[in-house]
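Hi everyone, thanks for coming.

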Amino acid sequence: MKPTPSSHWQDRDFPAAAREVLEDSQTRSNVRHATNVIQAKRDAVTGELPDWEPLRDAGAAIRAHSLAHLDYYLVQFEQACTRAGGQVHWARDAAEANQIILGLIQRHHVDEVLKIKTMTSEEVGLNPYLEANGIRAHETDLAELIVQLGKDKPSHFVVPALHKNRMQVREIFQREMHLPELGERPEDLAAAARSYLREKFFRLKVAVSGANFLIAENGAVCIVESEGNGRMCLTLPDVLISLVGIEKVLPRFRDLEVFLQTLPRSATGERMNPYNSIWTGVQQGDGPQEFHVVLLDNRRSPILGDAESRQTLQCIRCGACLNACPVYHQTGGHAYESVYAGPIGAILTPQLHSMEEGRSLPYASSLCGACYEVCPVKINIPEVLIHLRGKVVEEDQKTLSGRFGMWNLGMQTAAFLFASASRLSLAQSLGRVAQKLVVNKEGMIEHLPLLLSGWTQTRDLRPLPEQSFREWWAERTLQTDAARTDSGAGGQATGRGSSHGE
Amino acid sequence: MLVSLFITCYNDTLFPETGRSVVRVLERLGHTVEFRPEQTCCGQMHWNTGYLQEAIPILRHFVEVYRDAETIVVPSSSCVSMMRDHYLKAAEMAQDASLRADVEALLPRIYEFTEFLVKKLGVEDVGAAFPHKVTLHTSCHSQRSLHLGDIPIRLLKQVRGLQLLKLESSQECCGFGGTFSIKNADVSSAMLADKVRCVLNTEAEVCTAVDNSCLMHLFGSLHRQRTFVRTAHIAEILASTAGERA
């Protein structure tokens, strides 16, 4: 039986969804401003570290090692966490994770729970599932609260409301918190959120979180955050349930030395997160007295089995690749129609859907490499994008519509032409004749048909010149050889033709 | 030195003047250029679009044509990055040990044009004159794959009469990305609009780069908007002399 799919995002392909965002000047301006600010901060605090590159290497090595021995470290984590008083649950897919969490909540007869920002819960669609079962989940991260109250979707997994500006946030709070007089200053908005949330922190008994890291050797769980809402949720409630992807495990406590440097610097441009919470099981009389970890697979195992794309799971969700990506700069996160946006989302999402959804995402990149350059665990995202494109093409070619589609026909034709120089020369000559249909009076191409029309919607194209380089070279070689013969130098034409410097 | 020129398929077809300029510069520096007419393409378009199986015969052809070449010069950083970043993987995918061995032996002998001038020949002043205001688009592959750094700038700074103007956000992609420009034409165009705005802000007459792919993209918009800012591959600038414009 196939695992149930994750939350429902994938409605349109990337080009169609992107187009809608491109027409939304307010969102674009918000995204541009926010990514520029974060990226500048990130560049400053990574540039100041003399050992930034060794830290990236170490991060990549630790994550790759953890993944290579994931079975060992997960069992080690389970044993250590259980010894410390935690309870570990294994969820094969989104449906299992949701059922486990619902069951744990229902045991305590509550109909409201606290949430700390967790993209994994977005991935499994936890909030709507709980809602359908009569349980209201309250997001406590400021940005997640904005998204939740605005009935919106996160557009960035570190800064979920990055696409909203202050005035838009104020409108949402005025409406949803019934505060018509609310001011527009950041401190007004923060104060409103604080009093709205504080009541919930003190009243609610069950909290659901994600985790940044699991530590195998001692069963510890680590969350880093900026606002203190996490610390509230991790300490005040009686029951804490942490939903964590299986890939998040690190072997040793000391491995945090690397990631607690690279994660905040990459994510928010901070040298250190304001709140770094690490807890191990249950401590009597201190913090939640019941603690659960739900380990989620949800199609991570197949990714682990693919040697080419396994590095996808090295991700520590810093979001630096989103802020660096020139495509994300234009479109923001919603165009990806996925919990995970940006370059990492473009490789993670289709794999989490077994390449059945999000098939346009591997193409949502110009392969410029900015993502790879900033990645603190050195995921070669362009390489994985190409690998996944290969899978998309391979699947397409198995269908009739794919095989006889314009892309495949065009690419097969090009491959045929590039197989030999004589075919390429012939194509060049034919092209010069055929282009007469599209070259205008100015001698420029302003309209191209079919697939190529995408080019001429905003770009002109110079026609093929009268003479290709190879024709020029052949002509020049002939002239040179003739001149040599004439002058009696006895030069001989080489098949390849080479000419000496003057 | 005998230099084998790999012109690349699109320079051969669309930008022969770039190839002529490369020949002129190298010959002016006293080197011998050979052109192997069997050459076609590096396979990048197929590979990057996901037609991995189709790319393999193309790159195999490249390897066969150049297997015995001493030094190969390519006026395109993106084609060189295709070779350096993906050829070994392609050979592994083809499960062809001899192709892999050929690639391993060949890669150290392949140079991007400006990299060849500065790193291999140690030349920065190629005797060029180009009395114009020029801005440089630092193409993605030249920076993030080949790590050319300031090599193109060092060459341009030695050109007589050339006034080099700084391009804002010059490291950001122009939005070409091969088939990306067609598959995601709207996003690509939005990226291009930003890039063109930066180019126009410099008030340069000419925008140059080490890749004609980016320049073709930039030209498309610069011409569509009738800005009359020209684009020219860096080889064309380096080939120009006081007596002879490229």
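Let's begin with helix 8 of chain A, where A:L142, A:A143, A:E144, A:L145, A:I146, A:V147 and A:Q148 are buried. Helices here are DSSP runs of H or I with at least four residues, strands are E runs of at least two, and both are numbered from the N terminus.

A word on the source: this is a predicted model, where local features need pLDDT of at least 70, side-chain atom pairs count only at pLDDT 80 or more, and totals for chains, interfaces and linings use all residues. Residues are numbered from 1 along each chain as its sequence is written, while chains are lettered from A and ligands numbered from 1 in the order in which they are written.

Back to our helix. It spans residues 142-149, and seven of its eight residues are buried. So what covers the buried residues of helix 8 of chain A? The cover includes strand 3 (136-139), helix 9 (166-176) and helix 10 (186-203) of chain A, judged by contacts, meaning C-beta atoms placed from the backbone within 7 Å. Just after helix 8, A:K151 has a positive phi of about 50 degrees.

Now the wider view. Chain A has 23 helices and 11 strands, and 46% of its 502 residues are buried. Its C-alpha atoms fill a box of roughly 105 × 55 × 50 Å along the principal axes. Thanks, everyone!

Notes:
A residue is buried if 20 or more other C-beta atoms lie within 10 Å of its own, exposed if 12 or fewer, and partly exposed in between; C-beta atoms are placed from the backbone. Two residues are in contact if their C-beta atoms, placed from the backbone, lie within 7 Å.
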